[in-house]
Structure formats: C-alpha cells, structure tokens
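Subject: Structure handover

Hello,

Here is the structure for you to look through. My notes on it follow below.

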Amino acid sequence: MLELRGVTKHFGDTIALQPTDLIAASGSTMVLIGPSGCGKSTLLRLMLGLIEPDKGSVAIDGTILAEQNLDTLRHRIGYVIQDGGLFPHLRAGENVGLLARHLAWTPDRIHTRLRELAELTHFPVDALGRYPAQLSGGQRQRVGLMRALMLEPDLLLLDEPLGALDPIVRSDLQNDLREIFRGLGKTVVMVTHDMGEAGFFGDQIALMREGRIVQQGTLTDLLTKPAEGFVDRFINAQRTTLHVLGGAS
Amino acid sequence: MRPWLVIFSALLLCTPAVADDPVLHVGSKSFTESVILGDMLQQLSQAKGYSTEHERELGGTRILWNSLLAGELDAYVEYTGTIAQEILGNEGMIDEASMRARVEEHGLRMTRPLGFNNTYAIGVTADVAERRSLATISDLVAHPDLVLGFSNEFMDRGDGWPGLRMHYQLPHQHVRGLEHALAYRALEAGELDATDFYSTDAEIDFYGFVALRDDREYFPTYHAVILYRADLEERAPNLAAAFLSLENRIDAVSMAKMNKRAKIDRVHEKQVAADFLSETFGTIAEIEILTLRQRLWKTTIEHLTLVGLSLLAAILVAVPLGIVSARYRQLGQAVLGLSGIIQTIPAFALLAFMIPLVGLGGPSAICALFLYSLLPIVRNTYTGLTDTPLHLRESAAALGLPSGKRLRWIELPMASRSILAGIKTSAVINVGFATLGAFVGAGGFGQPILTGIRLADTGLILEGAIPAAVLALLVQWLFELSERVFVPAGLRLQPTD
C-alpha cells in the first residue's frame, strides 16, 4: 500500500532521515514513535510530498509520488495533525467540505456526507456551523478527522492526533479512533511519542532515533526482544510515575 | 475584493469630468505678488477669448520652469535676477539681451520688464527720512548714529549686508539681526531706524515707510517679466500680443499697492488683478470668487479624488505584488527593497520629478501618492501571507488543493486582516500627504493651507487643516468598520480553550 525505499532527507547540514525503507501494509496501523527530533514527523511529511526526499522514493499503491500526480494522490490520503489543523476562518462544516467543494460536489451530497461523518466521529451535527475558535479541543480534533475522511481515502496519516488533549477527552477519542480505523479497514500511519498510545493502536511499531528506525515490530517484539539498549530505555522511561508508585506499594 | 471595485468605481463616477479642457495654462508661485500676476495673465487671456486655467501657488521656481519646458504651463511671471542666477545658473547678472537669447534656446520667449523691480531695498520711516533728509542709500553714510536692523537672511547673504556695507562704505557699528516680520514692527516702533525690504512689500505702503534709492546700483535687479512658450505665438497670437502690452505698465508703486490690497486689505487676488486691468486697459474681466461652501466642496472632491484613485491603483498593483513576493522570496526581497527606497524619496522631490512624466496637477500628485502607498500594502500582504502558520499551509497542501484555490480560499482570507491594515495605513498617510498636492496644482485641502500660510490667515489654514484631519479620522473609522466585511468572522473570534 505505502512503500518507502531508501528515502533520505537533510535540512542543511543536519541529517533528518538516514536511508530508510518502510512498508505499511493495507488495513494495518503503523505507529512511528521516538523522542523529539528523531525524524518521525519528517517521515510522515515525506509520505505526503510536503517535503521532497533527497534520495529514494515514496510510492502509494505502486505509484511514485511526483510533482505532477501529487494533488491527485493526496485526495486518496487523509491527513490529521495535532489540534486538527483547522482553518480558523472557515466553519467546521466548511473545513470538512473544502475539498469536496473544490471537486464540485453538489451541496446536497456534501451535506449528506457531513451528517454521516458527524455520526461516525461522534460530533454534534449542530456544531458544524461553528468556527474552530468556538469548539473544544476534542471537537476540533474530531473535525480534523472528519476532514481527513471526507473523500473516503484508503490511507490515513496522523501526526500526534491526540497530543493537545486532556486525559479524559483523549481516552474517549482514542477508543473512537481505533474503532473507526478497524471499522473502515484503513491503512494508518500514526506519529506519537507516547508508548501507551503506540501499543494501543499499532499493529506494527517503528521506534526511531536520530533519523533512523531502530527497531520495527509488534509491541511484544519491542518489549521482549529489544534490538538495542535504547529500546529498553525508551520503553522504561515511559512507564508512568503512577504505575511505578502503584507497583511499589 | 470585489466590493472595493464597486466603491471606487462609484467614486470615479462622482468626480467631475474634465469636460472642457482649457486651452491654455498659466502658473504662479506661492507668494501673493506672483498669484496676482498669475490671475492677471489668466484674465488677460480670457479677455482675448482663450479658455485659460490658472495653476495657482505652485511649489517654486523649479516646478514652474520645468512645467513651462514640458508644456504643462504656457506662461508665468518670473524675475530677471532669478532667471539669471537660479534658472540659468549664472554667478552674477547678465544683460537682458543675452538672457533673452538663452531663454529662447529653450523654446521660450521673454517679454521686456513689466515695469517694477522687486529687489531688496533699505527702508526707513517717513519721519526719519524727513528729519535726516534721506532719499538714497548713499545718504546713510552721513548718519553713522542711525540704528540698523536686518533680517537674519539679509545679514548672511553675499548680496546682503556684508556686500552692502563694502559697496557704500557704510560706517554703522550697531547692526542687529532679527526676523523679517518683526523688522517692520520694530521700525514702526522706533526701535530701528532702517531695515531691509522687498521693494514691493505690501507693508511699505501700509506703514508709510520710505524705500531709499539704490543709487549706486548694488542690489541685483529682479525685474518682473513674462516667460511664455514660443509656440504660443501660433496657438494664441492675440495673447502673445497682450503679454507685450503689459510691458512697462506696472510700476513699483502700483505693484506694492496691489500687494497691500491682497495681503493687508484681504481683497481676493482675482479682484485685485481685475481692477488693475480695468484701470489700465479698460478691460472688464469676469471673475468668479467662490464662497466658503463652494470652496469646501471643491477641495473635498479634489482631495477624495487624489486619495481614492491613488489608493485604488495601489491596491490593484500592491496586493498582487505582495502575493508574488510571498511566493518567490528572493524576488520579494527585491520588491520590498524597491518600495522601501521609493518611500525614502522626499515628497517634494517626488512631486517635482513626476511633472515632466505625467504632467502638472492631479496626475502628478496621484502618481506620487500611488508610489507612496505601495510599500505598506505590499509589505502587509507579504507579511500576512508568510505569517500563515506552517502547519495550516501544510494542511491546505496536504488536502490536495491546487495552489490557486489555496491562495483564494485559505491564504488570502487568513491574511485579510493584515492586508486591510496595510491599505488603511496607506489611506491615512495619503490623506495627509495629498495636502502637498497643492504644490503641483492638484488642489485639495492643501490649497487653502498654502494660501493661508502665504496670507498669514489662520482661518484659511484651518479651512484645509480641519477637513484633512476629519477625513483622516473618517478613513480610519471606515476601515475599522470594513474589517467586519472583509475579515472573515472566524478570524475575529478568540479561542475558547
């Protein structure tokens, strides 16, 4: 479905991504995880063609991303970022329907699809007329998700989608998201720095450090067969204080 | 952006059409004598049947001379001393014949002197003149006890006091420098015995002063002459002849009287000129002197036209320039740099520079205003677009929207507040700057200010200054109102969490 071959990226003298191969299988969820600056967001933006690789290629269903097919391929990808990435001057519904409007869908068709999506993402229909500034953080994130799903893409790319939310909202949305991914059978690549989230969503987890994938595998693989000391350290550092305190009593 | 077009098109339609373009243009400098003479030329021309416009109170010798060369003006009154020194760039004086020859090389003609010589003079009160029997400057030598006081400029000039003292071997020790305007009052009060005049100053007659004759011809002569375009002899033969008929008809006393009527008795220059012509030639000139309401209406329309047209043009050019600059950053730096440089050109220089390119009056002022308006709009468009957060620009790109629609649907609306602020800045600056348009004959609120300064008439200054200030506030308020129309509602909300 999504295939990266020998992709590298420099920003000036800084190596953002060392030669990387990665395959996200259809219908599965791949989580990219690692500390800040490890190159996980760079990798995601390469998949969308927001930045161009120095070397190597990105292919979606066998088509290699290039200038001339970029917009068409992007219509088949849903992209969600932290806090939704909503355009503040457009109402929630307008944000979601923007691309459909560009593709000249009829207002009726857009309207119908909006209702479907609102139901799917548990978003109140009457809030579709509100501006992003009038929505809660969780609602903005749901609108961002609706916008990504509007054209029923096969591939979803999510960059820290739950990063800006408080714990209860986050836990609700986390469950909704997994349900949607599974229910719709989407291929998903998600970036996070939270190991719990990675384990919750990821069929496959790719742990990155300094522009390189250190280990790729299931959560169990990472827990039981760490490829190097860093894997252990990263996972242990994420065990919460509460968990440690609870375990000690 | 479309509502803008509607507003400005409406404004365009409101401006009075230049239906009957006057055949001839005469000009004047921004001091009373020049304005009276300009009115005289206009009335003379109209009496001969030529539709004639008087571009009143233009900014100075250079502007008038260049306008005459460019054919924007057909005639104006100049002074021989100024022609020799300031225009032809001679150190000393040259004789009239060679001056005429030099002027004709430029495709111009010069009449013989109109009669009076507006040069420096040394003046005393009638009382002192009588008691000491003073008639010439030479007579001062015999009275070393007299207290002399000269304007600060006269004290410093080469052709002022230092030269005068040498030339006449004046023995006076107690010489004070003071403000020109104060000198008349000090003389009147008896604190001074003699001071420098311009020989046709209105005040000489008003206070009953006596100008001592320059018997040893120290001061350069500033004979008034009419400069006109050579082609006028074919285009308006009767007028060229009429100009010649003015030769030697205005003596110093008559000119001083006319200056006094205009400046001290506050008779309109048009009336003063008309009276002179009727006394001298028996011609009855039709003059129209506007009421306050008519003047206000006229200056308001002129001012709005200057500001509106220049701003509209600036929006149409600067917003696209800002968009291009934001997309191609290196080109953008060049564009911003260039508009920045334009901004540093002194207003007056820019106005003078425009005359040969686009002509006298409105067009020059509009072009200069247009150029000054560019920077704030280009810069704010550029900033507005480049300040769009990266994650939102990426989100727009990631949707797969083509760049044209990203610009129209996302980037421009998000930059609208900044762009509008740039336009507002330009508009408010333009309202103030447009008052300078009066220097090149563009009218507007600058006209009464200029005339008011010349006549020391505070009321007249306020007639321009108050409407200009009110308009600036109005523009500010209008733009704040227009934010509600042009800035999308979603951008005006504060996030709730």
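Arg45(A) and Glu394(B) form a salt bridge, with their closest N and O atoms 2.5 Å apart. The term means a side-chain nitrogen of Lys or Arg within 4 Å of a carboxyl oxygen of Asp or Glu. The rule finds one salt bridge across the interface of chain A and chain B.

This is a predicted model: local features need pLDDT of at least 70, side-chain atom pairs count only at pLDDT 80 or more, and totals for chains, interfaces and linings use all residues. Residues are numbered from 1 along each chain as its sequence is written, chains are lettered from A and ligands numbered from 1 in the order written, and side-chain values use heavy atoms, without hydrogens or water.

Now the rest of the interface. In chain A, 25 residues are in contact with 26 residues of chain B (contact: heavy atoms within 4.5 Å). The two chains bury about 2,300 Å² between them, 64% of it on carbon and sulfur atoms. That is the accessible area (1.4 Å probe) lost when the two parts are put together, summed over both.

Next, the cores. A nonpolar core is a set of buried Ala, Val, Leu, Ile, Met, Phe, Trp, Tyr and Cys residues joined through side-chain atoms within 4.5 Å. Buried means under 20% relative accessible area, exposed over 50%, and partly exposed in between (1.4 Å probe, protein chains only). The largest core has 68 residues. Ile83(B), Leu227(B) and Val440(B) have the most contacts inside it. Helix H18 (residues 362-386) of chain B gives the largest share, 13 residues. Helices are DSSP runs (H or I, at least four residues) and strands likewise (E, at least two), numbered from the N terminus. A second, separate core has 44 residues, including Leu128(A) and Met190(A).

Beyond four places in sequence, the contacts of Leu227(B) include Trp65(B), Ile83(B) and Met110(B).

Two backbone points. Most residues other than glycine have a negative phi. Glu217(B) has a positive phi, near 45 degrees. Glu217(B) is in the loop between strand E9 (209-212) and strand E10 (224-229) of chain B, and is exposed at 68% relative accessible area. Asn248(B) also has a positive phi, about 60 degrees. Asn248(B) lies in the loop between helix H12 (237-245) and helix H13 (252-263) of chain B. Asn248(B) is exposed, at 64% relative accessibility.

Best wishes
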